[in-house]
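Subject: Structure handover

Hello,

Here is the structure I promised to pass on.

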Amino acid sequence: MKESFIMRFDEKDIEVVETLKSLGVPRKVSNMIAFLANGTEATSREIERGSDLRQPEVSIALRTLRKNNWIEEKICRSDGTGRPMKVYRLKTPIEEILQHYEQEKLDEANEALQSIQRLKSLFSDTG
């Protein structure tokens with residue numbers, strides 16, 4: 001039997017996932033980012049096993065990462081016969097991904113502050 005090494009989440013990875021989720025990042029995407037953030041390449045099967053996601057969840061997370069142009073895929077021929085596999089890795093540095101979420105939260109906060117200021121002005125006009 002062929003021996004393989006599958007990366008699994010450690011405590012830091014779990015904390016990364018939980019923190020991303022607290023920012024509103026979907027669990028599937030959080031798990032995928034945490035799994036690929038250390039620079040490893042992985043097949044969807046390895047991602048599935050190492051990140052506690054099911055295959056459909058991996059596909060959904062990959063769709064989000066593709067949409068943001070954060071993932072790189074390449075075709076890797078298997079050593080035997082059968083279909084070639086896709087191997088994935090983050091092509092965008094994790095710092096840029098975090099900057100995306102930081103900007104998203106700053107924009108949300110600014111919108112909320114503008115709404116509050118608008119409400120204040122509406123109520124001061126009635127007094």
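This is a predicted model: local features need pLDDT of at least 70, side-chain atom pairs count only at pLDDT 80 or more; totals for chains, interfaces and linings use all residues.

Residues are numbered from 1 along each chain as its sequence is written, and side-chain values use heavy atoms, with hydrogens and water left out.

Aromatic pairs

Rings of Phe, Tyr and Trp (its six-membered ring) pair if their centres lie within 6.5 Å; planes under 30 degrees apart are stacked, over 60 edge-to-face, and the rest tilted. That rule gives two aromatic pairs. Phenylalanine 9 and phenylalanine 35 make a tilted pair, at 6.5 Å centre to centre with 55° between the planes. Phenylalanine 9 sits in the segment before helix H1 (11-22) and phenylalanine 35 in helix H2 (residues 27-36), so this pair ties together parts 26 residues apart in sequence. Helices (H or I, at least four residues) and strands (E, at least two) are DSSP runs, numbered from the N terminus.

Phenylalanine 9 is buried at 17% relative accessible area. Phenylalanine 35 is buried too, at 4%. Buried means under 20% relative accessible area, exposed over 50%, and partly exposed in between (1.4 Å probe, protein chains only).

Tryptophan 70 and tyrosine 101 have ring centres 5.8 Å apart and planes at 70°, so their pair is edge-to-face. Tryptophan 70 is in the loop between helix H4 (55-67) and strand S2 (71-76), while tyrosine 101 is in helix H5 (residues 94-126), 31 residues apart. Tryptophan 70 is buried at 5%, and tyrosine 101 is buried at 8%.

Nonpolar core

A nonpolar core is a set of buried Ala, Val, Leu, Ile, Met, Phe, Trp, Tyr and Cys residues joined through side-chain atoms within 4.5 Å. The largest one has 23 residues. Among those with the most contacts inside it are Val29, Ile33, Leu65 and Tyr101. H1, H2, H4, strand S3 (85-90) and H5 each give two or more residues to this core. H2 gives the largest share, six residues.

Leaving aside neighbours within four places in sequence, isoleucine 33 is in contact (heavy atoms within 4.5 Å) with residues including Leu20, Trp70, Leu90 and Tyr101.

Loop residues

Aspartate 52 is not a glycine, yet its phi is positive, about 60°. Aspartate 52 lies in the loop between helix H3 (44-51) and H4, and is exposed at 55% relative accessibility. Asparagine 69 also has a positive phi, near 60°. Asparagine 69 is in the loop between H4 and S2 and is partly exposed at 47%.

Best wishes
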